[in-house]
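Work through the exercises below with the sequence and the model at hand. Each task is followed by a solution in steps.

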Amino acid sequence: MDVIIRWQHRCDKFVKLIDFGLSTVIIPKILVNFVTEKNIISYPECMIQFYFFLVFAVSECHMLALMSYDCYVAICSALLYNVIMTHKACFSLILGVYITGLVCAFVHTGCLFRINCCKFYVINHYFCDILSLLKLSCSSTYANKLLILIFSVINILAPSLTILNSYIFNCHIHFTKGKSKAVSTCSSHILGVAVFFGSEAYMYLQPSSVSSMDHKKVSSVFYTIIVSMLNPLIYSLRNKDVTVDIKYSSEQK
């Protein structure tokens, strides 16, 4: 169990790194615009922001799926955990997560360069998101929308189903003392996963005719800002030392 928990903490560090990157890409520019009262961004800055946003967003989708798979192995194959989740296997899986994020971001950003923006250069969003950028185009955006659909299935639907299946299998396991510890270790990020994937699915898997961009802007706040704020709290509460300190402080009051 110590090995399982150590690996979970190692995953937590990567998730925190991704959350930090995702927030850093968006929040500083929002704060600058708020202070200067000028909502202006150059075209190169917009493309750079969009690229790194995709890198971190896609990476987080697959990192959360990786964590759920790790939980599945920890609970269902506890005795073989060290054999299956070797350091080499863990490194390869994490490397694959980041490569997937880089490739998806590169393809999406590359396809954006082919569209002609001839409408008003006003982005109906608080950051450079692909749906709001496509609305500025006066050329065909069929290829871009097809990519959005394909990558949404790969990066949102597939990881969501992976996480759901892993927890369904975990719930069928009889809770022994050791396995209940593993379940409690793995279940703490369910809230973050639900908010993250739910808001992303609402944003990218829903037809534009069903909901307005204003509603989607509210939805995007959850997976860009709120989840990044929730994850450190969620994973900190899982730490026994933090939990003991909180209980001690509440008892003192």
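Helices here are DSSP runs of H or I with at least four residues, numbered from the N terminus. The model is predicted.

**Exercise 1. Describe the secondary structure of the chain and give the share of buried residues.**

Solution. 
- Step 1: Counting elements gives 10 helices and 0 strands.
- Step 2: Read from the N terminus, the order is α-α-α-α-α-α-α-α-α-α.
- Step 3: The chain has 253 residues, and 41% of them are buried.

**Exercise 2. Find which cysteines form a disulfide, and work out the handedness of the bond.**

Solution. 
- Step 1: A disulfide is a covalent bond between the sulfur atoms of two cysteines.
- Step 2: The structure holds 1 disulfide. Its partners are Cys 46 and Cys 128, with an S to S distance of 2.0 Å.
- Step 3: The torsion about the S-S bond of Cys 46 and Cys 128 is about -130°, so the disulfide is left-handed.
- Step 4: Cys 46 belongs to helix H2 (residues 43–76), while Cys 128 sits in the loop between helix H4 (87–112) and helix H5 (130–134); the pair therefore ties together parts that are 82 residues apart in sequence.
- Step 5: Both ends can be checked for burial. Cys 46 has 4% relative accessibility and counts as buried; Cys 128, at 2%, also counts as buried.
- Step 6: Cys 104 is in no disulfide, and the nearest cysteine sulfur, that of Cys 61, is 9.4 Å away. Cys 104 counts as buried at 5% relative accessibility.
- Step 7: Cys 111 has a relative accessibility of 19%. The cut-off for buried is under 20%, so Cys 111 counts as buried.

**Exercise 3. Classify the ring pair of Tyr 43 and Phe 113, then name the members of the aromatic cluster that includes Phe 53.**

Solution. 
- Step 1: A pair of aromatic rings is described by the distance of the centres and the angle of the planes.
- Step 2: The whole structure contains 7 aromatic pairs.
- Step 3: For Tyr 43 and Phe 113 the ring centres are 6.2 Å apart and the planes are at 75°. Planes over 60 degrees apart count as edge-to-face, so this pair is edge-to-face.
- Step 4: Tyr 43 is in helix H2 and Phe 113 in the loop between H4 and H5, so the pair ties together parts that are 70 residues apart in sequence.
- Step 5: Tyr 43 counts as partly exposed, with 44% relative accessibility.
- Step 6: The cluster consists of Phe 53, Tyr 126, Phe 127, Tyr 204 and Tyr 223.
- Step 7: Phe 127 is found in the loop between H4 and H5 and is buried, with a relative accessible area of 3%. Its C-alpha atom is 7.9 Å from that of Ile 30, 97 residues apart along the chain.

**Exercise 4. Which residues of the largest nonpolar core touch the most other members, and which element gives the most residues?**

Solution. 
- Step 1: The largest nonpolar core has 47 residues; Phe 53, Leu 112, Ile 130, Phe 197 and Tyr 204 touch the most other members.
- Step 2: Two or more residues of this core come from each of helix H1 (2–36), H2, H4, H5, H6, helix H8 (190–204) and helix H9 (213–238).
- Step 3: H2 gives the most, with 15 residues.
- Step 4: Phe 53 can also be related to Gly 21. Their C-alpha atoms are separated by 8.2 Å, and the two are 32 residues apart along the chain. Gly 21 is found in helix H1 and counts as buried at 7% relative accessibility.

**Exercise 5. Describe the nonpolar surface patch that contains Ile 150.**

Solution. 
- Step 1: The patch is formed by Tyr 142, Leu 146, Leu 149, Ile 150, Val 153, Ile 154, Leu 157, Leu 161, Leu 164, Ile 168 and Leu 205.
- Step 2: Together these residues have about 950 Å² of accessible area.
- Step 3: Ile 150 is in helix H6 (residues 142–171). At 39% relative accessibility, Ile 150 counts as partly exposed.

Definitions and conventions
Residues are numbered from 1 along each chain as its sequence is written. This is a predicted model: local features need pLDDT of at least 70, side-chain atom pairs count only at pLDDT 80 or more; totals for chains, interfaces and linings use all residues. Side-chain values use heavy atoms; hydrogens and water are left out. Patches are made of residues with over 30% relative accessible area and no salt bridge: like charges are joined within 9 Å, nonpolar side chains (Val, Leu, Ile, Met, Phe, Trp, Tyr) within 5 Å. Accessible areas come from the Shrake-Rupley method with a 1.4 Å probe; for residues, only the protein chains shown count as cover. A salt bridge is a side-chain nitrogen of Lys or Arg within 4 Å of a carboxyl oxygen of Asp or Glu. Buried means under 20% relative accessible area, exposed over 50%, partly exposed in between (1.4 Å probe, protein chains only). A disulfide is a pair of cysteine sulfur atoms within 2.5 Å. Rings of Phe, Tyr and Trp (its six-membered ring) pair if their centres lie within 6.5 Å; planes under 30 degrees apart count as stacked, over 60 as edge-to-face and the rest as tilted. A nonpolar core is a set of buried Ala, Val, Leu, Ile, Met, Phe, Trp, Tyr and Cys residues joined through side-chain atoms within 4.5 Å.
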